[in-house]
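Subject: Structure handover

Hello,

Here is the structure I promised to pass on. Please open it alongside this note.

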Amino acid sequence: MRKTLRWLLSLVVLIGTVSVAGATAGAATAAEPDIKDRILAIPGVSLIEEKPYPGYRYFVLNFTQQVDHHNPAAGTFQQRITLLHKDTARPTVMYTSGYSVSTNPSRSEPTQIVDGNQVSVEYRYFTPSRPAPADWNKLDIWQAASDQHSIFEALKPVYAKNWLTTGGSKGGMTATYYKRFYPKDMDGVVAYVAPNDVVNNEDSAYDRFFRTVGTKECRDKLEAVQREALVRRKPLEAKYAEYAKANGYTFTTTGSLDKSYEAVVLDYVWGFWQYNLLSDCGSIPADAPHATDQAIWDTVDTISGFSFYTDQGLEPYTPYYYQAGTQLGSPTIQQPWLGDLSRYGYQPPRHFVPRSIPMRFHPAAMPQVDTWVRHHADHMLYVYGQNDPWGAERFRLGAGARDSYVFTVAGGNHGSKVAGLAAQEKTTATSAILRWAGVPSPTSPKPLARYDAVLDHQPIDREPTLRP
């Protein structure tokens, strides 16, 4: 009897052990593959590197992209993208600056608000995302929007929740064009400080802006520095020549050191308001006519950057100036306070692109986008800065726009965000972003996802002036 009892007890234990093992094996079988494996299983996606970051998986990837989305036979190129993965159950934000992509992890403001994943896209023709050889005719807003569409279609099966697209400045323009050409892809657009140069040769809005921005005292100081920089052209250009020689800079694209020098000086007022606040006026020399040459050089270099209009400074931005001179347009402002000190005025984009690259302007591109936004915008949010020159010509909403908004940060510059809006507008904008992302909106304003000193405390992307 005792032997029988011991045998029965052993059998129960054995059956229990087998059941637990079977359940464990079943759970392992049912578990999803690792996110890295799922991403790399997508056709055309390859890994450059994975970087560790607590709470996320971060991948730098290549995506095989069509050179010409009208003609697949034209070949492919490798477009660099990054993926900040949180959870496939969370919404996803597609971000682009409109330029190169950083390979260090960071979260855009919408990504923080929705606490989601982020796919960051390098704009075509910014190196290394450039076909070889480069057919520059394939660098246009439709081709770039089609790049984003292809990436979205590839990743959507993995990241099946709602998607938003975002970007600042040229990135905000890019987000707008993507929505215009592929209106069903994204559930919402958050575009920051996005210029909208509808008629390229009509720039009076910028002139009006510079007549009233800030205070007269601040405007007078900035204008006085510009005048002094041109009055002292000879000694400061000698300094510029020494600076260029020491750093190996050349001036083939602009045509001369003199043209580059004046381009830097003429950017000075624009550059100040683009990246600074009215409270920063104290940093400008108060008595420019009596300031030293070094003081004039230093303030112009700090704000405009003497390295930029060299061949070496311009080269990374050739794709931008190409687009500005073929579709996007570019501002030309009058600076009457300079009198006859200016020899060239604001120089067109053609002066900043190597002559070996042909360019022809297409005036219909921007009016078509502007008309679409005015009458068909749906789930689109624009945020501008009151004192940002790029906001002088902005996107506006008209009849037919639905659930869309344009807000302005009081006193804001080119780094303006939703966080800087007045309380009611901030609540409206945040609620819209959450609604579009499919995230339940709380009764009280939702704080951003857990603040991270590395991911979220990013300085303004200070790019060379006079480009968005």
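First, a term: rings of Phe, Tyr and Trp (its six-membered ring) pair if their centres lie within 6.5 Å; planes under 30 degrees apart are stacked, over 60 edge-to-face, and the rest tilted. One aromatic cluster is formed by Tyr 99, Tyr 123, Phe 126, Phe 308, Tyr 309, Tyr 317, Tyr 320, Tyr 321 and Phe 352.

The model is predicted: local features need pLDDT of at least 70, side-chain atom pairs count only at pLDDT 80 or more, and totals for chains, interfaces and linings use all residues. Residues are numbered from 1 along each chain as its sequence is written, and side-chain values use heavy atoms, with hydrogens and water left out.

**Aromatic pairs**

The whole structure holds 33 aromatic pairs. Tyr 206 and Trp 270 make a tilted one, at 5.4 Å centre to centre with 40° between the planes. This pair links distant parts of the chain: Tyr 206 sits in helix 6, Trp 270 in helix 10 (residues 268-275), 64 residues apart. Helices (H or I, at least four residues) and strands (E, at least two) are DSSP runs, numbered from the N terminus. Tyr 206 and Trp 270 are both buried. Buried means under 20% relative accessible area, exposed over 50%, partly exposed in between (1.4 Å probe, protein chains only).

Phe 308 and Tyr 309 have ring centres 4.9 Å apart and planes at 70°, so this pair is edge-to-face. Phe 308 and Tyr 309 are buried too.

**Strand 6**

Strand 6 (residues 163-168) is largely enclosed by the rest of the structure, because five of its six residues are buried. Two strands pair if DSSP finds at least two bridges between them. Strand 4 (residues 92-95) runs parallel to strand 6, joined by four bridges. Met 94 has Thr 165 as its bridge partner in strand 6. Strand 7 (residues 188-192) also pairs with strand 6 in the parallel sense, over five bridges. There, Gly 167 is bridged to Ala 191.

**Second largest pocket**

A pocket is an open set of points on a 1 Å grid over the protein atoms alone where a 1.4 Å probe fits, with protein on both sides within 12 Å along at least five of seven lines; lining residues have an atom within 4 Å of a point. Which residues line the second largest pocket? Among them are Asn 196, Arg 208, Asp 370 and Phe 395. Helix 6 (204-212) and helix 14 (365-376) each give two or more residues to this lining. Helix 6 supplies the largest share, three residues.

Best wishes
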